[in-house]
Amino acid sequence: MLALSGGADEGAYGAGLLTGWSQSGKRPDFTIVTGVSTGALIAPFAFLGPSEDATISHLYTSISAKDVYHARFPLAIPGSTSAASTKPLARLIANAVTPAIVDRIAAEHRRGRRLFVGTANLDAQRMVIWDMGAIAAGMLPNRVALFRQILLASSSIPAIFPPVVIDAVADGRPVRELHVDGGTSAQFLSVPRQLVIDDAPAPDSTRLTLYLLVNNRLGGDFKLVKPKTIPILRRAFALNQQSALLSLVGTSYLYAHEHGIGWNLSFIGNEVEASDTLFDTAYMRRLYAYGLARGQAGGKWRSRPPGGPEQATDATDTSR
């Protein structure tokens with residue numbers, strides 16, 4: 001199982017690591033792939049395997065902010081749903097997620113493999129986990145459009161990007177739900193919450209190996225913050241993400257350790273200086289190259305969360 005976290009433009013790390021991992025010849029075929037936020041954009045292509053490495057490489061090394069969003073006129077923001085429009089991102093997703101890609105995902109779903117993406121339902125205030133393979137293999141006439149909508153929704157940071165309206169049916173009546181960035185609820189999808197609460201073993205847990213690919217930092221890095229709105233927001237958001245991620249990482253590790261599940265973790269080290277500019281192409285390329293080098297070395301996966309003894313492992317090592 002591969003779980004891809006959120007991280008906005010820092011998804012370039014995951015894109016690079018997966019590509020380098022393919023080049024090392026050690027990347028496994030995953031039975032289950034999950035994604036949230038930027039991880040949701042990577043997930044369909046990671047699910048299809050190394051044949052789509054060029055696609056994720058292109059998505060994270062050749063774009064800039066203008067390919068993701070357009071800032072709204074300042075006076076229009078108070079009456080709008082967000083500070084920016086994501087029409088460019090919707091076009092980017094439509095160009096990458098073609099009907100042929102959706103058909104291939106459907107074929108893998110029929111083979112028994114599973115692809116899940118998380119969004120946050122603002123109306124119900126809960127995480128929604130979408131079975132993307134079932135949507136791809138379904139009979140809905142709008143299955144391709146719905147598939148793309150869910151990826152856009154999972155990547156839509158509330159207030160900055162507009163929510164995505166998804167039509168549904170509740171108690172026999174049509175409703176219009178507002179969905180946003182899945183990272184609002186959880187930064188990645190791995191062990192189901194109820195299994196952790198009940199401390200119940202997952203089916204065939206001793207055969208399961210979990211890889212957490214975190215497109216973010218997990219250790220606080222000291223940096224003087226510019227006293228301006230965007231740098232302050234970005235830094236505060238990063239702190240919130242890191243705290244939530246550390247909690248999820250620790251919980252998944254403890255559950256895996258208890259139930260004999262192979263557990264592996266990769267995240268961005270503090271040696272890579274962060275950028276104060278969202279979707280800075282030069283920064284994304286540096287981060288991609290950093291992930292690529294790690295992937296070529298087998299992934300440099302850790303067998304324990306940060307804070308304990310440093311244990312980088314080869315991707316083929318499923319030590320508990």
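Hi everyone, let's start with S266, which is buried, at a relative accessible area of 1% (buried is under 20%, exposed over 50%, partly exposed in between, with a 1.4 Å probe and protein chains only). This is a predicted model, where local features need pLDDT of at least 70 and side-chain atom pairs count only at pLDDT 80 or more, while totals for chains, interfaces and linings use all residues. Residues are numbered from 1 along each chain as its sequence is written, and side-chain values use heavy atoms, leaving out hydrogens and water.

Where does S266 sit? You'll find S266 in strand β10, residues 262-268 (DSSP runs: strands E, at least two residues; helices H or I, at least four; numbered from the N terminus). Beyond its neighbours within four places in sequence, S266 is in contact (heavy atoms within 4.5 Å) with Y13, L17, L212, L213, V214, R294, G299 and W301.

Leaving out residues up to four places away in sequence, F147 touches P44, V97, V102, I105, L115, M132, I135 and A136.

How confident is the predictor? The chain averages a pLDDT (confidence in each residue, from 0 to 100) of 86, and 87% of the residues score at least 70. Confidence is highest in helix α5, residues 99-110, at 98, and lowest in strand β12, residues 312-313, at a mean of 52.
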